[in-house]
Amino acid sequence: MKILKTVALAALLGISVFLAFNWTLFEDNINPLLYRRGPDMVVRLEDFSEKMTKAEVIRRLPDVPLSCEDNSSALSLGNHVCYSNIGSYAGVRALRVAFFFLDGHLSNIKIDVPWWSHGQMARQLIKDHGAPTGGQDLPLDGIRLVGWRLAHGNLLYNRDRDRNPLMWNTIQWVSPTAAEELGGLFVPVSK
């Protein structure tokens, strides 16, 4: 019985230390479960184009209340961002969406997917777009991506679920111009 109490105490201590170092991520994951989630995003990423302006994106998403501001934290994505919490994307649980604009036109879109929805989202993306047309064998900053070339951009997704169950996965739409400015992407043209 004493061993069981020691193991339980060690487990609680381990969980406490883990949460202490990951509290913000814990809140990001638990808040949507405790409070009202955002609306479902029914417009698909393949329906967006780098020719779209902020006004056109907002019109395309009447049920998603976007907050917009100048962006200095991720300038490589765009100099203006509009974002919102969402409940799902493509019928799969999602946390938030962010639209990045560079010089008034759409350049990147990011959708955060909770850790536990990683596999379901990967299956949905394959169902929607077929097998990935490219992928990374070696991780960059600990992340390997798979991707698809779409008619009006490129779609990237985390190939692997993070070891930390509080880290979310990201679907990222990258405009052709943004991809070119990055020096290209690993996603070859689909045949």
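Colleague: In what order do the eight strands of the open sheet stand?

Modeller: In this predicted model, eight strands form an open sheet. Their pairing is antiparallel, and the order is S2-S3-S6-S7-S11-S10-S9-S8.

Colleague: Which strands stand at the edges of the sheet?

Modeller: An edge strand has a single partner strand, so one side of it is left without a neighbour in the sheet. That applies to strand S2 (67-70) and strand S8 (134-135).

Colleague: Which helix packs on the sheet, and what angle does its direction make with that of S10?

Modeller: The helix is H4 (residues 118-129), which touches strand S7 (105-113), S9, S10 and strand S11 (169-174). Its direction and that of S10 make an angle of about 150°.

Colleague: Is Ala-151 buried or exposed?

Modeller: Ala-151 lies in the loop between S9 and S10. In space it is 7.2 Å from Glu-46, C-alpha to C-alpha, although the two are 105 residues apart in sequence. Exposed means a relative accessible area over 50%; Ala-151 has 74%, so this residue is exposed.

Colleague: Which element gives the most residues to the largest nonpolar core?

Modeller: The largest nonpolar core has 32 residues, and Met-41, Leu-45, Phe-48, Tyr-89, Phe-99, Ile-111 and Ile-171 have the most contacts inside it. Two or more residues come from each of S6, S7, H4, S9, S10 and S11. With four residues, the element that gives the most is S7.

Colleague: Of how many residues is the other core, apart from the largest one?

Modeller: This other core includes Leu-145, Leu-156, Ala-178 and Ala-179. Its number of residues is five.

Colleague: Which residues does Tyr-89 touch, not counting those up to four places away in sequence?

Modeller: Tyr-89 is one of the residues with the most contacts inside the largest core. Beyond four places in sequence, Tyr-89 touches Met-41, Val-43, Arg-44, Leu-45, Glu-46, Ala-94, Ile-111, Met-121 and Ile-171.

Colleague: What geometry does the aromatic pair of Phe-48 and Phe-99 have: stacked, edge-to-face or tilted?

Modeller: A search of the whole structure finds one aromatic pair, and its ring centres are 5.4 Å apart. Phe-48 lies in the loop between strand S1 (40-41) and helix H3 (54-60), and Phe-99 in strand S6 (residues 96-102), 51 residues apart. Both Phe-48 and Phe-99 are buried. Planes under 30 degrees apart count as stacked and over 60 as edge-to-face; here the angle is 50°, and the pair is tilted.

Key. Residues numbered from 1 in each chain as written. Predicted model: local features only at pLDDT ≥ 70, side-chain atom pairs only at ≥ 80, totals over all residues. Heavy atoms only, no water. Phe/Tyr/Trp six-rings, centres within 6.5 Å; stacked < 30°, edge-to-face > 60°. Buried < 20%, exposed > 50% of the residue type's maximum accessible area, 1.4 Å probe, protein only. Pairing = 2+ DSSP bridges. Contact = heavy atoms within 4.5 Å. Axes fitted to C-alpha atoms, helices over the stretch in contact; angles between N-to-C directions. Core = buried A, V, L, I, M, F, W, Y, C linked by side-chain atoms within 4.5 Å.
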